[in-house]
Amino acid sequence: SLKMASDSPESLMTLCTDYCLRNLEGTLCYLLDNETLRLHPDIFLPSEICDKLVNEYVELVKTDSIFEPHESFFTLFSDPRSTRLARIHLREHIVQDQDLEAIRKQDLIELYLTNCEKLTAKSLQTLVSFSHTLISLSLFGCCNIFYEEENPGGCEDDCLVNPTRQVLVKDFTFEGFSRLRFLNLGRLIEGVNVETLLRPLASLAALDLSGIQLNDVGFLTQWKDSLVSLVLYNMDLSEEHIQVIAQLHKLRHLDISRDHLSSYYKFKLTRRVLNLFVENLVNLTSLDISGHTMLENCTIPSMEEKMGQTSIEPAKSSIAPFRGLKRPLQFLGLFETSLCRLTHIPAYKVSGDKNEEQVLNAIEAYTEHRPEITSRAINLLFDIARIERCSQLLRALQLVITALKCHKDDKNIQVTGSAALFYLTNSEYRMEQSVKLRRQVIQVVLNGMESYQEVTVQRNCCLTLCNFSIPEELEFQYRRVNELLLNILNQSRQDESIQRIAVHLCNALVCQVDNDHKEAVGKMGFVMTMLKLIQKKLADKTCDQVMEFSWSALWNITDETPDNCEMFLNYSGMKLFLECLKEFPEKQELHRNMLGLLGNVAEVKELRPQLMTSQFISVFSNLLESKADGIEVSYNACGVLSHIMFDGPEAWGICEPQREEVVKRMWAAIQSWDINSRRNINYRSFEPILRLLPQGISPVSQHWATWALYNLVSVYPDKYCPLLIKEGGIPLLKDMIKMASARQETKEMAR
């Protein structure tokens, strides 16, 4: 079912929501005074649509760097007569006091505010306007919501020095929130009296007090007949806490887990405590004791433990106290405890670090509110993906994508998540992944590259991109991925390995793509960036992969793209070409790449005069004798000269070397090549070669063009015969055979 879920297209509702949010002005809204968004007066939307608009908006602002947030977005929902809100989930800095204030007339049933650090006590007052309808409220991580700004009295000067002081609000309670059943106060600021705050609530069903230190939780017993879920993550427990919990007889979900790295805990779990839970909390279906140290051995003797098929039957439990359970638990959290490695665990789902299933359960359970635990779980998944084979690949990928999206600014998660993605997207898993899923991976990878200048994240992200077919799979984010890579390559201090991967990716991105793509990338500064890299390498006197890839990338980006060829010349590309030839006379790959690029430049008539200097012509003539990379260097040098010769004797504006002398050397070179040579070159079009056929001004250029076509169609017939026919080569060859000026051997080859 997971494969189906990841594969099916987005619902029409989702597509419409996304479209409207990206085009608010053209769909639901108009701009008032060129700045404020206003809803069209004839629009009336029910809560099913409004909730989705708000929740998707928050998601887009958080995860899509191209999406622009709107100052006045929440004011669109200020009037319940035209827009209804019921269940909304807001997070982080996206939401401010005035946004909540804007929707205060709405009858909200569910309001989740997660890590909204910009909210202050003004928003506490706004909450009161939802008090008669709210059933579910989360203030998780809203660390400033109990602070208000106080203006101290006294002299003017003092006010300038200290205009506002943050003061803790002491008098707010949930008085009047008569329907509130579900409440999350996780990571509540110290100093707020939780007992006073909660006392007015008549019948709480679920309470989350993660990360809050309370020495006395006796007040919880006032809800002993209604509380079904209690989360006390990272609370340092004592015997008193345990006695109170044991009285909450309706509990179905209890979480007393902790992060064993965060601070020192006096409390240790014992067999007696687990027995107490099993005996008193008879409705328990989910228990989390992750991160706890067991004070005594709770396991049954190892002989018995190892016996038989693994079982989730309580009677066979390897953890002795759980033999008293009436039925297996739905969920048991044992992450970072020794118990998760036992054989018989009486639960359908276990979080732990023993195997892939347990690790994935941990990532799933803790991603939203516990990034510190999640990053360690993803690290374990990374090892599994690297060393063994992942059996639940799609689930693993979706969980890592979700974690990376959810914690865009958490360095640990970005480092471990991007590393795991590299292993989860490599070729052995390729078949199982849908286009949609692979696009999601690319999106989070680019998000990571955007928000993190950190070396490890950048390297992991670049490596992960190498697992994709380039350019095809990256085409839908073409501009963005090029901008990010050029950004990496333009940084003054660079990591060698990242530089190498980034240049490789840049090269692959401009290989075999349409000319408008190449022009766009050229305008982003691609040519300049590559030339700067070459300049740096020359200064260090090193010819490595970065140097070769940079020239190769320039060869690709100038292919049939005159603007980029011109940029190459304008930014002293020819000077670098000569310096590289001189500095690295033996580097065959390098010579091939450089001459391939100059072949592209020579195809542009307007730029050829710039190649017409004694120095350049001598260099090209001497390279005709080169044996580098088979015939490639000699072939490309001859190609450059063929285009120059095609402009006729009157364009030959130099005394030395003489035109006839160079023509002679060209004939000699072409005759020395093996007609059956296998080639290190890729033509997308024959047009630049074909234009050398119907002319009599330079028979040698005609011969080079005919040789090139003959070699390619005879060595690679499947690829190049159709291209020759498609581009009208046959009639051109037939006409050339009839030309008096053409040499006999050229006609033979053409025939």
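Asp-259 contacts Tyr-233, Asn-234, Tyr-265, Glu-372, Ile-373 and Arg-376, leaving aside neighbours within four places in sequence. The model is predicted. Asp-259 sits in the loop between strand 11 (253-255) and helix 9 (271-280). Its relative accessible area is 6%, under the 20% limit, so Asp-259 counts as buried.

Along the principal axes, the C-alpha atoms fill a box of roughly 110 × 75 × 50 Å.

Three domains are assigned. Domain 1 covers 27-148 + 179-189, domain 2 covers 469-611 and domain 3 covers 617-750. The C-alpha centres of domain 1 and domain 2 are 48 Å apart.

Burial and contacts were computed over the chain. Of the 751 residues, 54% are buried. Among contacts with a separation of 6 or more, 67% join residues 24 or more positions apart.

The accessible surface of the chain amounts to about 33800 Å². Carbon and sulfur atoms contribute 51% of this surface. As for charge, the chain carries 79 positive and 98 negative side chains. The centres of these two sets lie 4 Å apart.

Methods: Residues numbered from 1 in each chain as written. Predicted model: local features only at pLDDT ≥ 70, side-chain atom pairs only at ≥ 80, totals over all residues. Heavy atoms only, no water. Buried < 20%, exposed > 50% of the residue type's maximum accessible area, 1.4 Å probe, protein only. Contact = heavy atoms within 4.5 Å. Areas by Shrake-Rupley, 256 points an atom, 1.4 Å probe, with all protein chains shown as cover. Lys, Arg positive; Asp, Glu negative; His and termini not counted. Charge placed at Lys NZ, Arg CZ, Asp CG, Glu CD. Domains from an automatic or database assignment. Helix = DSSP H or I, 4+ residues; strand = E, 2+ residues; numbered from the N terminus.
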